[in-house]
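Me: Could you take a close look at the place where the ligand sits, and walk me through what surrounds it?

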Amino acid sequence: MGQLKRIKVCDLLKSKDFDRDVQVKGWVRTKRGNKKIAFIALNDGSIIHNIQIVADIANFDENIIKQITTGACLSVTGKFVESMGKGQNAEIHAKEIEVYGSADPETYPLQKKGHTLEFLREIAHLRPRTNTFGAVLRIRHAMAYAIHKYYNDNGFYYLHTPIVTGSDCEGAGEMFRVTTLDSQNPPLTEDGNTDYSKDFFGKETNLTVSGQLEGEVGALALSQIYTFGPTFRAENSNTPRHLAEFWMVEPEMAFYDNDDNMDLAEDFLKYLTQYALDNCYDDLEFLNKMYDNELIERLKSVLASKFERLTYTEAVDILLKSGQKFEFPVGWGLDLQSEHERYLVEKHFKKPVMLTDYPNEIKAFYMKQNDDGKTVRALDVLFPRIGEIIGGSQREEVYEKLYSRIKELEIPEKDLWWYLDTRKFGTAPHSGFGLGFERLILFITGMSNIRDVIPFPRTPQNANF
Ligand code: 4AD
Ligand code: MG
């Protein structure tokens with residue numbers, strides 16, 4: 001039996017090839033039984049379901065049996081048989097059990113079921129071993145794969161944009177400084193400021209808030225690119241939808257106007273939703289049962305609907321006429337809050353909404369300016385339960401217009417000369433957007449807090465793991 005190769009639980013549970021010897025390895029979820037026989041539920045994370053191990057206690061060393069408690073890691077060899085028992089179709093009758101690692105029942109934090117998500121956040125190093133986080137992490141993987149597949153199949157090139165940057169894409173100034181200077185004793189310029197010319201890169205640098213600006217460089221050469229990487233925002237937002245470190249998918253397309261941009265965003269989001277239903281059904285069913293019994297219905301309803309398209313101005317009108325009491329004020333020129341976005345999606349239209357043409361004052365410098373002189377060709381996609389899931393725009397491709405906006409906003413030209421150059425040499429109409437990966441995972445899993453859809457969340461006052 002020593003030559004047996006380990007089989008993953010997901011593959012074994014698909015098999016109808018009974019009455020053969022198999023070997024499985026994984027972590028004990030539960031052990032029950034009596035003095036004669038033990039029933040062990042073993043899970044190896046390959047699938048939400050466990051394989052049941054049946055062990056005749058007389059056949060094993062007492063010391064081994066004692067170590068088989070919730071959380072312990074085992075290697076089990078035995079006969080794979082069709083099961084008569086309730087709740088499973090197959091089980092393994094154990095012949096050999098090796099304990100790789102025990103887990104002291106007195107101190108193992110996941111000894112009992114039914115912990116709160118808040119408690120599990122404090123043991124982010126162990127929570128992947130729960131059913132919930134197993135499901136979320138498998139879905140997260142499937143969505144990352146589907147994103148690459150979608151763009152690859154549609155002729156986009158994956159562009160790696162830098163993590164450390166010298167420019168501020170969103171212009172909000174909420175960036176994490178990257179420096180090797182001694183914070184106690186930094187070199188100073190003659191007028192007493194920190195002398196960043198002595199810093200590692202010879203200038204001020206930060207962690208990127210978005211790969212877009214470099215993405216545009218790629219699109220204006222390869223026509224269609226996407227980036228998919230970590231982005232960082234030092235905003236002090238303690239909400240269930242904000243992280244300080246999150247992943248963003250950013251396609252950027254030459255020769256696309258904002259209508260083409262919307263078509264792509266809708267098709268992309270529907271593709272990902274369909275992919276999850278087709279490939280992650282077991283995990284979705286579990287989450288549907290445990291957390292959100294409208295989850296699968298909601299995913300299907302998004303697939304069935306044509307997203308509503310309207311302008312910011314029209315949306316503000318609807319909100320003003322709604323008679324609804326909101327916590328934050330509504331008015332032309334004010335940014336929409338997530339309560340406003342969710343009202344439009346969940347109450348008014350009852351389907352995803354794509355809003356365009358926002359006031360230039362509340363959007364970033366690079367967006368294409370409309371002829372009215374007041375609005376820009378922005379695009380926000382709003383989703384049920386999430387609010388904004390995508391932000392994007394057509395880009396201002398006319399050098400003079402972009403330049404005067406940069407001057408107006410007093411953005412240092414020395415940081416953006418290369419970006420301006422793309423408008424000087426062979427500029428072209430182009431568009432793109434950014435999908436917040438964790439907001440997507442919130443939507444697909446039905447989880448309510450963004451801290452529960454990323455393995456190691458970073459939020460204000462929290463980078464503990
Ligand atoms: O709307 P945002 O700020 O747009 C950009 O960064 C553009 N440069 C994207 C582009 O056009 N290429 O961010 C895009 C998306 C948001 O719609 C949201 O889903 C997500 O990123 N996002 C966050 N997700 C989690 N935590 C945060 N703090 C987020 N900030 C934005
Ligand atoms: Mg936005």
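Reply: Happy to. A residue counts as near a molecule if one of its heavy atoms lies within 4 Å of it. Of the 25 residues around ligand 1, the nearest are E170, Q212, R233, E250 and E388. Before going further, please keep in mind that this is a predicted model, in which local features need pLDDT of at least 70, side-chain atom pairs count only at pLDDT 80 or more, and totals for chains, interfaces and linings use all residues. Residues are numbered from 1 along each chain as its sequence is written, chains are lettered from A and ligands numbered from 1 in the order in which they are written, and side-chain values use heavy atoms, with hydrogens and water left out.

Let's start with the polar contacts (pairs of N or O atoms within 3.5 Å). A side-chain N or O atom of Q212 is 2.6 Å from a nitrogen atom of ligand 1. For E250, the side chain places an N or O atom 2.7 Å from a nitrogen atom of the ligand.

Next, the shell by class: 9 residues around ligand 1 are nonpolar, 8 polar and 8 charged. Here Ala, Val, Leu, Ile, Met, Phe, Trp, Tyr, Cys and Pro count as nonpolar, Asp, Glu, Lys and Arg as charged, and the others, Gly among them, as polar. Strands are DSSP runs of E with at least two residues, helices runs of H or I with at least four, numbered from the N terminus. β11 (245-254), β15 (387-394) and β16 (430-436) each supply at least two residues of the shell, and β15 gives the most, with 5 residues.

Now for the wider setting. Ligand 1 sits in the largest pocket, meaning that more than half of its atoms lie within 2 Å of the pocket's grid points. A pocket is an open set of points on a 1 Å grid over the protein atoms alone, where a 1.4 Å probe fits, with protein on both sides within 12 Å along at least five of seven lines; lining residues have an atom within 4 Å of a point. This pocket has a volume of about 1,200 Å³, counted as the space filled by probe spheres set on the points, which are joined across faces, edges and corners. Its lining has 45 residues, with R233, E235, H242, E388 and R439 nearest the centre.

Methods: Polar contact = N/O pair within 3.5 Å; in protein donor to acceptor, adjacent residues only side chain to side chain.
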